[in-house]
Amino acid sequence: MLVTILTREGRISRIINSKESYMMDSQENVLEKAQTEEMAVGNATEVVNNEPAADTTEAQAEEVKHEERQQKVYETKKEVIERLQEIAHGDDVPTKEEVDALKSAFYKIHKAEREAALKEYLDAGGDPEKYRIMPDDEEEAFKSEMALIKERRAQIFLKQEEEKQENLKRKLEIIEKVRTMATSPEDANRSYQQFKQLQQEWKEIKLVPADKANELWRSYQLYVEQFYDLLKLNSEAREYDFKKNLEIKTQLCEAAEKLADEEDVISAFHQLQDLHQEYRETGPVARELRDEVWARFKAASTVINKKHQKHYDDVRAKEEENLARKTALCERVEEIAKRENKGASEWDKNTKEIMEIQSEWKTIGFAPQKMNVKIFERFRKACDDFFGKKAEYFKELKKRFNENAEKKRALLEQAKALQDSTDWKVTGDKMIALQKEWKTIGMVPKKLGDQLWNDFLAACNKFFEARNEATSGTRNAEKENLEKKRAIIEQLKTMLEEPGEDAKDKVHQLTEEYNSIGHVPFKEKDKLYKEYREVLDRIYDELNITANRRRLDNFRSSVKNMAERGEGSLDNERSRLMRRFESLKQEIQTYENNLGFLNAASKKGNSLIDEMNRKVQKLKDECELVRQKIKTIDEESDGQ
């Protein structure tokens with residue numbers, strides 16, 4: 001994973017702090033209010049940077065070096081730790097910006113590594129609840145170096161504060177000496193060299209407490225001007241001093257004006273602070289030129305300050321735009337997290353959408369500082385909600401997969417136990433039932449599912465191939481039976497056109513012959529039987545054959561189907577018919593008894609007797625039909 005330390009724009013957006021705002025306000029106020037060139041911007045450089053002003057060339061070189069570090073791309077935690085070691089044990093002054101950036105880079109890589117390790121664990125089938133984060137030696141090394149840097153920064157800060165207090169004390173002493181000189185007109189000329197030494201010493205003293213800087217400078221400048229007013233040098237020396245100062249300040253004006261062409265607004269602004277520092281440390285020019293020179297320098301400064309302010313206004317506007325874009329992305333992820341996912345494909349689809357949103361998030365810069373952390377936490381929470389629900393779903397899915405796998409393993413074991421059986425009919429039915437049950441079981445992981453299915457299919461194929469080989473002769477016989485039955489159907493169709501005198505007997509003969517023919521191929525059975533029934537029903541209608549005869553013929557056909565399902569079906573049907581036969585016999589006996597009673601005793605009328613006789617005959621007809629059905633079943637059983 002690549003992590004880039006904050007770019008210049010990123011760094012700039014973070015250093016708009018109270019100190020810089022104070023410096024900018026102080027500079028503008030002083031530029032507007034100052035009446036002399038010496039009151040340009042107070043001690044603005046000290047207020048902003050809290051470090052001594054450096055030579056312009058050295059400062060620019062240091063700025064370039066600093067920016068290169070800020071733009072450094074760290075690919076590993078080791079590289080981050082090596083840079084921290086350089087800071088902790090080297091001579092470089094550790095800046096808060098770089099340390100914070102290194103910290104952010106380290107934990108971004110650290111987090112990415114942990115997420116990758118967790119994903120690898122889960123992809124390998126690991127249990128999320130049993131996952132444990134292992135100790136990281138690099139993280140311990142990182143924390144150790146950060147502690148050293150924190151301690152070192154604290155020491156540097158204390159040392160700088162001590163230096164500032166000492167510098168304040170020294171500058172107050174210089175002010176007191178200059179004040180004394182400015183109040184002694186008779187000693188002014190004699191004190192000139194000492195005054196110049198004090199000026200040089202003032203320049204060499206840099207950092208002072210920020211809250212004392214402007215007041216300190218105003219006091220110093222007041223007494224310096226008073227001293228010059230009292231100074232009674234000869235005109236040649238005075239003019240030479242003013243001329244020299246004018247040359248320096250003119251060069252400073254030109255340098256400030258050139259900064260307007262600098263593309264890097266931030267660099268131009270910092271260079272301007274160096275120019276202001278040098279300007280106020282340069283002595284005065286002739287009184288009649290003071291306002292003119294100051295106005296020129298102030299005008300050049302205003303151009304840079306306005307560009308600088310505009311730059312930060314643009315940065316803030318961009319940050320607000322980034323906040324709006326990130327808020328919209330948060331809302332999209334939150335909406336996705338609320339969706340109901342009905343299957344793994346929908347989870348994958350929504351996961352892809354969220355990952356695309358995460359990629360887009362990375363392309364958006366910082367939001368305003370006060371909202372940057374909050375908006376990120378909102379985005380992370382929405383993502384965590386989604387992936388938490390996804391993990392729970394796939395945990396349950398994995399559980400179901402395991403249950404399904406166990407069910408399929410059980411069916412596989414049953415199929416293997418049956419694969420060598422030679423009971424073709426019974427085992428074939430069981431194998432088909434196992435295949436149907438297999439289809440009702442849900443999914444399992446693809447790799448395991450393919451393996452189980454291949455093993456199950458191999459067991460089934462082994463049995464059916466053996467059965468096909470053993471029953472190949474049966475199939476030939478079934479084809480012959482098919483042709484025979486088709487021939488009978490054609491004869492029945494012919495009888496529809498030419499019934500003949502013995503049509504009823506011939507129909508009975510053909511149906512007997514049809515029912516006596518064995519099995520036909522399974523695929524042709526239903527179609528053939530439908531065609532047979534249609535022809536037979538038409539013949540029955542044409543020849544007025546009794547309903548019982550039809551029912552018996554139909555039953556004989558159905559017995560064949562029952563026989564195919566096994567002996568158990570025939571036995572069950574025979575038992576049912578026997579119960580029906582005995583019931584009919586008892587019912588006939590009851591009617592006959594009642595009929596004999598009516599004939600012997602009551603003689604209530606021929607109509608009632610006739611009705612009773614009709615019922616008795618109907619029962620006898622049905623009883624005979626049941627007997628014939630039982631006989632048909634017995635004949636079928638004997639044939640097997």
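This is a predicted model: local features need pLDDT of at least 70, side-chain atom pairs count only at pLDDT 80 or more; totals for chains, interfaces and linings use all residues.

**A tyrosine in a loop**

Leaving aside neighbours within four places in sequence, Tyr-131 is in contact (heavy atoms within 4.5 Å) with Arg-114, Ala-117, Leu-118 and Tyr-121. Residues are numbered from 1 along each chain as its sequence is written, and side-chain values use heavy atoms, with hydrogens and water left out.

Tyr-131 is found in the loop between helix H6 (96-123) and helix H7 (137-182); helices here are DSSP runs of H or I with at least four residues, and strands are runs of E with at least two, numbered from the N terminus. Between the C-alpha atoms of Tyr-131 and Tyr-121, ten residues apart along the chain, the separation is 7.9 Å.

**The cores**

A nonpolar core is a set of buried Ala, Val, Leu, Ile, Met, Phe, Trp, Tyr and Cys residues joined through side-chain atoms within 4.5 Å. The largest has 20 residues, and Val-333 and Phe-379 have the most contacts inside it. Helix H12 (287-338), helix H13 (344-362) and helix H14 (369-418) each give two or more residues to this core, and H14 gives the most, with eight. A second, separate core has 19 residues, including Val-178 and Trp-217.

Returning to Phe-379, its partners beyond four places in sequence include Leu-329, Val-333 and Trp-361.

**The whole chain**

The protein has 22 helices and two strands. Of its 640 residues, 38% count as buried. Among contacts with a separation of 6 or more, 80% are between residues 24 or more positions apart. The protein exposes about 38,300 Å², of which carbon and sulfur atoms supply 49%; these areas come from the Shrake-Rupley method with a 1.4 Å probe, and for residues only the protein chains shown count as cover.

Conventions. Buried means under 20% relative accessible area, exposed over 50%, partly exposed in between (1.4 Å probe, protein chains only).
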